Amino acid sequence: MDVVYHCAGLIVVSESVQEPARYFQENLVAPLAMLNYLHDMGPVPVIFSSSAAVYGTPEMVPIPEDAPKVPISPYGVSKWQFEEILQAYDQAYVQPWVALRYFNVAGSVNNVVESHVPETHLLPRIANALIQGEQPEIYGTDYPTPDGTAVRDYIHMHDLVEAHLQAAQYLKDGGPSTAFNVGSGHGHSVQEVMDGFARVTGLPVDPKRLPRRAGDPPVLVADINKARAELSFEPQFSHDIDHMIRDIWSLFTAEERY
């Protein structure tokens, strides 16, 4: 093997609050078995799918990689603890790694769109609701943000794939093990995304307004300067939320979905 891309795991923040045992089993115990296998066969670089959830409720926005790690959900704890495990294995056994701290993934690549069961990501949830003639849901309208809804950094799937390839090349070229934020570097509120769907689809979007979910911070936006400098990472498709919405909507309305 030349490189391992570790993308597996459970990802629903609110579910992790209710079922922490499942999250620590799948996100810590299982990948630790993978690391031990790699240790037995020799060092293989690992690109780990981490998360902005490691920062919890950040003190500074945009969030730099050296911001305090104070996750507020078991999901975030599991991601941060596995980064610490990777660091310990590298120090003891020379196990190269890069942790890519994902912000919110959206869009599509080559007719492949994100799909989860149950669906928890915002853009496909909105598309699913509209396709079914229903209205989407907003969880939390009293955050300390301009319109009261949570603000997130959305990264196009194409740019995320490029970041993985750049991270592998970075380790191949001898770069030291470290973590990088992967996002667009700017944020959109949930209400702004709803408004984008109304523009793109021409459909009325009047979301149901529900209480906040446990473990959701008000604002998560990436500082991507480190990835720009060390990976040559430059998002090409992540700056226009309407573009990401069109990508998803075109596939949700096509006769065949992959």
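The exercises below concern a predicted model.

**Exercise 1.** Determine where M41 is placed and whether M41 is buried, partly exposed or exposed.

*Solution.* Begin with the secondary structure: M41 belongs to helix α2, which covers residues 20-41. Next, take the relative accessible area of M41, which is 44%. Buried means under 20% and exposed means over 50%, with partly exposed in between. M41 is therefore partly exposed.

**Exercise 2.** Identify the residues that form a nonpolar patch on the surface with M41, and state the accessible area of the patch.

*Solution.* The patch consists of M1, Y37 and M41. Together these residues have about 370 Å² of accessible area.

**Exercise 3.** Describe the largest pocket by its volume, its lining and the classes of its lining residues.

*Solution.* First, the volume: the largest pocket holds about 1,100 Å³ of space. Second, the lining: 49 residues line this pocket, and I11, F103, N104, V105 and H121 lie nearest its centre. Third, the elements: those supplying at least two lining residues each include the helices α1 (13-18), α3 (74-93) and α5 (157-172), and the strands β2 (46-51) and β4 (104-106). Finally, the classes: the lining comprises 28 nonpolar, 14 polar and seven charged residues.

**Exercise 4.** State the volume of the largest cavity and name the residues that line it.

*Solution.* The volume of the largest cavity is about 40 Å³. Its lining is made up of Y55, T57, P58, E59, M60, I63, A67, P68 and V70. Sorted by class, these are seven nonpolar residues, one polar and one charged.

Terms used
Residues numbered from 1 in each chain as written. Predicted model: local features only at pLDDT ≥ 70, side-chain atom pairs only at ≥ 80, totals over all residues. Heavy atoms only, no water. Patch = residues over 30% accessible without salt bridge, like charges linked within 9 Å, V, L, I, M, F, W, Y side chains within 5 Å. Areas by Shrake-Rupley, 256 points an atom, 1.4 Å probe, with all protein chains shown as cover. Salt bridge = Lys/Arg side-chain N within 4 Å of Asp/Glu carboxyl O. Helix = DSSP H or I, 4+ residues; strand = E, 2+ residues; numbered from the N terminus. Buried < 20%, exposed > 50% of the residue type's maximum accessible area, 1.4 Å probe, protein only. 1 Å grid on protein atoms, 1.4 Å probe; cavity = no way out; pocket = protein on both sides within 12 Å on 5 of 7 lines; lining within 4 Å. Points joined across faces, edges and corners; volume = space filled by probe spheres on them. Nonpolar A, V, L, I, M, F, W, Y, C, P; charged D, E, K, R; others polar.
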